[in-house]
Amino acid sequence: MPNIPRAIWLTAGALWCAVVIYFSLLAPSQLPDIFLNIKDLFLHFGAYSVAAFLLTMGSRSPRGPWKPALVSFALGVGLEIVQPIVTVGRTFSYADMAANTVGLIFGMLLALRIGKRIFNP
């Protein structure tokens, strides 16, 4: 497999984070039906797994994977705080933050254990 440049991983991670922000700030009544058919905590887990995976794959931080993990964590906490302020029908949830955190740890570990072997041999 080809070596995918760091900029592509980081661009994909930034775009994914923009998608997460967009859907996180939509009123529940405006969400696509598919989101209503999937358990909320699975959506949080999946969204932050992908974000952490992409950002970790693009990271060359001397701090290792902790920088992309911190970015993903800050995004999740920030959105949980902002949601009830800017969006009708959204509430702050510790359960969502926990699912975000478990997801970002999973995505980070997946990138560290599997992703870099596959995409950066």
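In this predicted model, helix H3 passes helix H4 in a right-handed crossing. The axes of H3 (residues 40-58) and H4 (residues 66-86) come within 8 Å and cross at roughly 145 degrees.

**Contact of H3 with H4**
- On the H3 side the contact is made by His44, Tyr48, Ala51, Ala52, Leu55 and Thr56, while H4 contributes Pro68, Val71, Ser72, Leu75, Gly76, Leu79 and Glu80.
- Sorted by class, the residues of this contact are eight nonpolar, four polar and one charged.

**Nonpolar cores**
- The largest nonpolar core has 12 residues in all, among them Cys17, Val20, Tyr48, Leu55, Leu75, Leu104 and Met108.
- Another core, of five residues, lies apart from the largest one and includes Trp9, Phe53, Met57 and Ala111.
- Leaving out residues up to four places away in sequence, Tyr48 touches Val20, Ser72, Leu75, Gly76, Leu79, Asn100, Gly103 and Leu104.

**Aromatic pairs**
- Trp9 and Phe53 form an edge-to-face pair, at 6.0 Å centre to centre and with 85 degrees between the planes.
- Because Trp9 lies in helix H1 and Phe53 in helix H3, this pair ties together parts that are 44 residues apart in sequence; both Trp9 and Phe53 are buried.
- The ring centres of Tyr22 and Phe23 are 5.1 Å apart and the planes stand at 75 degrees, so this pair is edge-to-face.
- Phe23 counts as partly exposed, at 25% relative accessibility, and ring pairs link Tyr22, Phe23 and Phe35 into a cluster.

Conventions
Residues are numbered from 1 along each chain as its sequence is written. This is a predicted model: local features need pLDDT of at least 70, side-chain atom pairs count only at pLDDT 80 or more; totals for chains, interfaces and linings use all residues. Side-chain values use heavy atoms; hydrogens and water are left out. Axes are lines fitted to C-alpha atoms, for helices over the stretch in contact, and angles run from 0 to 180 degrees between N-to-C directions. Helices (H or I, at least four residues) and strands (E, at least two) are DSSP runs, numbered from the N terminus. A crossing is left-handed if the near helix is turned anticlockwise from the far one by less than a right angle, and right-handed if clockwise. Contact means heavy atoms within 4.5 Å. Ala, Val, Leu, Ile, Met, Phe, Trp, Tyr, Cys and Pro count as nonpolar, Asp, Glu, Lys and Arg as charged, and the others, Gly among them, as polar. A nonpolar core is a set of buried Ala, Val, Leu, Ile, Met, Phe, Trp, Tyr and Cys residues joined through side-chain atoms within 4.5 Å. Buried means under 20% relative accessible area, exposed over 50%, partly exposed in between (1.4 Å probe, protein chains only). Rings of Phe, Tyr and Trp (its six-membered ring) pair if their centres lie within 6.5 Å; planes under 30 degrees apart count as stacked, over 60 as edge-to-face and the rest as tilted.
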